[in-house]
Amino acid sequence: MPDYRLRLGSKAPNFQADTTIGHIDFYEWIGNDWVILFSHPEDYTPVCTTELADLAKHHSEFTKRGVKLIGLSANSIESHDGWINDITEIAGCSLTFPVIGDEDRKIAHTYDMLDHQDTTNVDARGIAYTIRSVFIIDPNKVIRLIQAYPASTGRSTTELLRVVDSLLATDKHCINTPANWEPGDDVVVPVDVPDEEAQAKFPNMQTVKPYLRFTPLAKDHIS
């Protein structure tokens, strides 16, 4: 466990790591982009394979939003390299984003990615594998989203893209996104914006309740 708990708004800890594209300094590699740092339990396993194959298929969708992807598990780089060949075959496209080989689990400890619940999710030495953690980090190196899935449940690439679109839209337009929002749907005007200011800023605003106000946001205006 880390000495402190990472929360939304925390500064993402920097680290150096060996990856499938070489040794990196995390902050230098991020540059001025957004990044999704995610962990998977183990190479050559079925759910993890489907996840990374789907991310490989949608990699260009993240790239055009200014988002980098980087994976992590406690496997070696050699293991990653061999497994990526399988993923490329299954996905029908190349997996080009880096995957970290965190064999000593140092980064996993820092980001609290280890499985403390499922006693079967361990390696041959009985050491816990990583869970399916997700951290979305903005260009200021601030953590904007944290998710954790059990080893048995694969993540949704579509939901990751939806959350990225929401974060980009809310940062740019000072709005909120309602339940089940998709790009092109109406968005919510924050409650702390006075009516007069809201009407000037959002001339097509519709008021359902004093605290619930919607306004259109075109799909191509998100970022």
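**View 1. Lys68 over Trp29 and Lys141 over Tyr27.** Lys68 lies over the face of Trp29, at 5.2 Å from the ring centre, where a charge is taken to sit over a ring if NZ of Lys or CZ of Arg is within 6 Å of the ring centre and within 35 degrees of the ring normal. In the second example, the charged end of Lys141 sits over the ring of Tyr27, 5.6 Å from its centre. The model shown here is predicted, with local features needing pLDDT of at least 70 and side-chain atom pairs counting only at pLDDT 80 or more, while totals for chains, interfaces and linings use all residues. Residues are numbered from 1 along each chain as its sequence is written, and side-chain values use heavy atoms, with hydrogens and water left out.

**View 2. Aromatic pairs.** A search of the whole structure finds 5 aromatic pairs, a pair being rings of Phe, Tyr and Trp (its six-membered ring) with centres within 6.5 Å, called stacked if the planes are under 30 degrees apart, edge-to-face if over 60 and tilted for the rest. Phe15 and Tyr111 form an edge-to-face pair, 6.1 Å centre to centre and with 90° between the planes. Because Phe15 lies in the segment before strand E1 (16-19) and Tyr111 in the loop between helix H5 (106-110) and strand E6 (132-137), this pair ties together parts that are 96 residues apart in sequence; helices (H or I, at least four residues) and strands (E, at least two) are DSSP runs, numbered from the N terminus. Phe15 and Tyr111 are both buried, a word that stands for under 20% relative accessible area, against over 50% for exposed and partly exposed in between (1.4 Å probe, protein chains only). Another edge-to-face pair is formed by Phe38 and Phe97, 5.9 Å centre to centre and with 70° between the planes. Phe38 in strand E3 (residues 34-39) and Phe97 in the loop between H4 and strand E5 (99-101) are 59 residues apart. Phe15, Phe26, Trp29, Tyr111 and Phe135 form one aromatic cluster.

**View 3. The largest nonpolar core.** A nonpolar core is a set of buried Ala, Val, Leu, Ile, Met, Phe, Trp, Tyr and Cys residues joined through side-chain atoms within 4.5 Å. The largest has 38 residues, of which Ile36, Phe38, Leu52, Phe62, Leu95, Phe97 and Ile136 touch the most other members. Helix H6 (157-173) is among the elements that each supply at least two residues of this core, and H6 gives the most, with 7 residues. Domain 1 (10-155) and domain 2 (174-216) both give residues to this core, so the core lies between them; the domain bounds come from an automatic or database domain assignment. The C-alpha centres of the two domains lie 35 Å apart.

View 4. The UniProt annotation "active site", from an unreviewed entry, covers Cys48; UniProt positions are given in the numbering used here, feature names are shortened, and annotations may be inferred rather than shown by experiment. Cys48 is found in helix H2 (residues 46-57) and is buried, with a relative accessible area of 1%. Leaving aside neighbours within four places in sequence, Cys48 is in contact with His40, Pro41, Glu42, Trp83 and Arg132, contact meaning heavy atoms within 4.5 Å. His80 lies in helix H4 (residues 77-91) and counts as buried at 0% relative accessibility. Not counting residues up to four places away in sequence, His80 touches several residues, including His40, Asp43 and Asn75.
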